[in-house]
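Here's a quick briefing for anyone meeting this structure for the first time. Have a look at it, and then we'll go through its inner spaces and its surface.

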Amino acid sequence: MFSILIYIIVYISLFLFGITLMRVGFKGLVFDHLKNINPKMSSMNGFLIGLVVTLLLQSSSASIALLVIFLATIKLSIPFAVCYIIAANIATTFTAQLFVWNDVHLMFICLIIGLVLLFLPYAKSVLIGSILFGLGVIFSALYGLENLVHSIPTEKIDQFVHSPSNTRTNLTIFGTLFTAIIQSSTAAVGMLMAFSHDGLVPLFQSYYIILGANIGTCVTVLLVAIGQPYHSRITAYAHVWINVIGAIIAFPYFISHPLTEMIISLTSNGEQQVVLISILYNVLIGIIFLIFLKPFCKFLTLIHRPY
């Protein structure tokens with residue numbers, strides 16, 4: 001089991017390395033355009049920008065951390081920042097859909113083309129190569145994790161899945177701590193997809209780990225906000241409140257059970273189930289916060305006053 005643990009750490013590291021390569025490539029292509037953000041943009045603009053930037057950066061925490069950094073120099077409205085965060089939470093779940101399409105042939109195509117582009121003497125070619133090679137590395141890590149699952153004794157997996165300690169609370173705490181350590185909810189979802197490939201981990205358990213993963217990903221943004229101006233800090237606090245309140249809303253059994261059952265009825269593919277439940281959860285929570293946008297922004301300014 002120790003060797004399996006080492007392999008898991010290696011594959012998670014590869015996954016994070018791939019995410020970083022893609023992030024560097026996309027950031028290099030769009031960073032100059034982000035400098036043109038108008039401080040008077042509406043909250044709907046915030047939602048659309050959050051959606052696009054997060055899809056490009058492949059990480060909600062990286063996208064929101066970028067917003068926090070920009071807010072140190074550009075004073076955008078709190079509704080703009082909140083809508084940006086809501087969109088970032090939704091967009092990062094669509095990244096996981098790429099992983100469902102993981103294919104050995106596609107993996108090699110991305111790795112080879114990406115590697116060739118990395119060695120071309122053109123800045124944009126290097127950035128595009130970084131994106132493709134990063135995607136290939138991610139596919140490699142997921143492929144390795146899926147194969148690794150088959151080497152774990154079935155009785156060990158059954159013992160873990162049916163353990164009395166796997167309560168809803170413990171699963172949420174595990175998702176929070178695991179994501180806080182690896183600094184990526186996308187990687188956490190990727191891990192769940194690998195272990196759900198053959199239905200080894202029930203969707204009901206994955207659901208609560210995802211709730212925790214959304215909370216754990218706030219750590220990165222909170223660290224970036226340390227020492228930043230008020231608008232930057234309140235954005236980081238908003239990120240925490242949205243994910244914590246969202247988890248509390250979605251935590252009860254009468255919410256989780258019908259949601260997971262609905263997803264199970266839509267597809268028997270374990271990986272697709274994990275992606276769909278993650279998308280559904282973030283979309284529903286996003287709608288709730290958009291409906292109560294004004295009261296939530298007032299709540300933020302009331303709780304977190306400038307000092």
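Which helices each supply at least two residues of the lining of the largest cavity? They are α4 (78–100), α9 (185–195), α10 (203–216) and α14 (270–291). Keep in mind that this is a predicted model, where local features need pLDDT of at least 70, side-chain atom pairs count only at pLDDT 80 or more, and totals for chains, interfaces and linings use all residues. Residues are numbered from 1 along each chain as its sequence is written, and side-chain values use heavy atoms, with hydrogens and water left out.

**The largest cavity**
- Searching the whole structure turns up three cavities of 30 Å³ or more. A cavity here is a set of points, on a 1 Å grid over the protein atoms alone, where a 1.4 Å probe fits but cannot get out, and its lining residues have an atom within 4 Å of a point.
- The largest one holds about 120 Å³ of space, where volume means the space filled by probe spheres set on the points, joined across faces, edges and corners.
- Its lining has 14 residues, and T92, T93, S185, N214 and S278 lie nearest the centre.
- Helix α4 gives the largest share of that lining, with four residues. Helices are DSSP runs (H or I, at least four residues), numbered from the N terminus.
- Sorted by class, the lining has four nonpolar, 10 polar and no charged residues. Ala, Val, Leu, Ile, Met, Phe, Trp, Tyr, Cys and Pro count as nonpolar, Asp, Glu, Lys and Arg as charged, and the others, Gly among them, as polar.

**The second largest cavity**
- This one has about 60 Å³ of space.
- Its lining includes I86, N89, N214, I242 and Y281.
- Two or more lining residues come from each of α4, α12 (230–250) and α14, and α14 gives the most, with five.

**An enclosed helix**
- All the way along α9, 11 of the 11 residues are buried (under 20% relative accessible area), so α9 is largely enclosed by the rest of the structure.
- Among those buried residues are S185, G190 and F195.

- L5, I6, I9, V10, L14 and F17 make a nonpolar surface patch of about 500 Å². Such a patch joins nonpolar side chains within 5 Å, from residues with over 30% relative accessible area and no salt bridge (a side-chain nitrogen of Lys or Arg within 4 Å of a carboxyl oxygen of Asp or Glu).
- Accessible areas come from the Shrake-Rupley method with a 1.4 Å probe.
- I9 sits in helix α1 (residues 2–34).
- At 46% relative accessibility, I9 counts as partly exposed, a class that runs between buried and exposed (over 50%).

Methods
On a 1 Å grid over the protein atoms alone, a cavity is a set of points where a 1.4 Å probe fits but cannot get out, and a pocket is an open set with protein on both sides within 12 Å along at least five of seven lines; lining residues have an atom within 4 Å of a point. Patches are made of residues with over 30% relative accessible area and no salt bridge: like charges are joined within 9 Å, nonpolar side chains (Val, Leu, Ile, Met, Phe, Trp, Tyr) within 5 Å. Buried means under 20% relative accessible area, exposed over 50%, partly exposed in between (1.4 Å probe, protein chains only).
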